[in-house]
Amino acid sequence: MPIIFFSSPKGGVGKTTLTSNVSVALRRLGWQVIAIDFDVQNALRLHFGVTVEDGRGFTTAVRSTRPWLEQAWDTASGVRLIPFGAIGNADNTQLERFLQDHPGWLGQHLARLVDGPSTLVVADTPPGPSPYLAELDKLAALKVAILLSDATSFSLLPKLQDGEFVSHGGDHGRLLYIVNQVDLRRRLNRDVLGALRSQLRDSLLGAVHQDEAFAEAVAFQQSVLDYAPSSVAAYDTAAIAQSIHHLLGDTGSRSARLASR
Ligand SMILES: Nc1ncnc2c1ncn2[C@@H]1O[C@H](COP(=O)(O)OP(=O)(O)OP(=O)(O)O)[C@@H](O)[C@H]1O
Ligand SMILES: [Mg+2]
């Protein structure tokens with residue numbers, strides 16, 4: 001299915017930041033992007049200027065059995081955003097149990113969002129394993145794992161490459177990596193990035209430098225492409241989106257490739 005998700009075994013590495021910014025960059029490359037938040041923190045909306053009071057989200061649609069697109073925001077960036085919704089941890093636990101008991105249910109709903117060959121669903125996920133990730137894992141054409149250039153991320157690599165976090169290869173979609181928050185002034189960062197590059201080779205989608213513009217942009221509820229177009233953050237984001245765009249193919253072959261998933 002034309003779905004990409006951003007995931008990570010550990011939290012706070014930049015999943016939501018990259019889901020939002022790369023979604024905007026993919027929209028600028030011509031994709032009809034639907035960004036969807038599967039994390040109870042419900043933070044993706046903050047990157048798109050949705051007010052904190054607004055409870056809209058797919059979890060509202062779940063309870064009402066209404067189409068999920070009714071919960072979407074048409075954001076100024078052109079990305080259609082489906083927030084998580086305003087449910088608490090207890091309701092989320094119930095929903096997670098429901099997902100585990102009803103494999104395929106999430107996929108049916110996501111398939112209804114895709115109304116043409118240029119539609120792309122970009123999903124943000126909670127940190128670590130989750131029932132949302134387990135379902136997305138069965139559906140996505142591209143799976144992105146975000147790492148930091150530190151020793152902990154490096155130590156997680158064997159498990160990731162063995163498919164213990166998300167499956168990949170064969171019919172399971174392609175697993176790609178982003179190394180985020182790289183600071184080339186720090187020797188450990190440079191060394192770990194070098195080691196990750198040689199391990200990951202063409203599975204490395206790209207490296208994203210540490211840049212305050214990411215945090216500042218979300219404070220202004222904008223993407224880095226709008227807030228700081230000449231920043232390193234904007235350059236790295238655009239490069240990641242370009243790579244995804246190339247992997248998904250040009251418009252002619254795009255639908256065929258995605259349909260084969
Ligand atoms: N490349 C970067 N440079 C500087 N700061 C960054 C970068 N990427 C992310 N950040 C900052 O790191 C913090 C965590 O980012 P984010 O919320 O996107 O992580 P996350 O993986 O979604 O976290 P969680 O696991 O809690 O969902 C934020 O303050 C964000 O602004
Ligand atoms: Mg997040």
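**Close-up views of a predicted model**

**View 1. Helices α1 and α10 cross.** In this predicted model, the axes of α1 and helix α10 (residues 232–248) come within 9 Å of each other. They cross at roughly 60°. That angle makes α1 oblique to α10, because it falls in neither the roughly parallel nor the roughly perpendicular class. The crossing of the two helices is right-handed.

**View 2. Residues surround ligand 1.** The shell around ligand 1 holds 18 residues. The closest are G12, K15, T16, T17 and N180. Sorted by class, the shell has ten polar, five nonpolar and three charged residues.

**View 3. Side chains meet ligand 1 through polar atoms.** Start with T16: an N or O atom of its side chain is 2.9 Å from an oxygen atom of ligand 1. Next is D39, where a polar side-chain atom lies 3.5 Å from an oxygen atom of the ligand. How much of ligand 1 does the protein bury? Taken alone, the ligand exposes 630 Å², and the protein buries 77% of that.

**View 4. Helices and strands contribute to the shell around ligand 1.** The elements that give two or more residues are α1 (15–28), β7 (174–182), β8 (204–209) and α8 (213–219). Which of them gives the largest share? The answer is α1, with three residues. This is the helix from View 1, whose axis crosses that of α10.

Methods: Residues numbered from 1 in each chain as written. Chains lettered and ligands numbered in written order. Predicted model: local features only at pLDDT ≥ 70, side-chain atom pairs only at ≥ 80, totals over all residues. Heavy atoms only, no water. Near = heavy atom within 4 Å. Polar contact = N/O pair within 3.5 Å; in protein donor to acceptor, adjacent residues only side chain to side chain. Areas by Shrake-Rupley, 256 points an atom, 1.4 Å probe, with all protein chains shown as cover. Helix = DSSP H or I, 4+ residues; strand = E, 2+ residues; numbered from the N terminus. Nonpolar A, V, L, I, M, F, W, Y, C, P; charged D, E, K, R; others polar. Axes fitted to C-alpha atoms, helices over the stretch in contact; angles between N-to-C directions. Parallel < 35°, antiparallel > 145°, perpendicular 65-115°, else oblique. Left-handed = near helix turned anticlockwise from the far one by under 90°.
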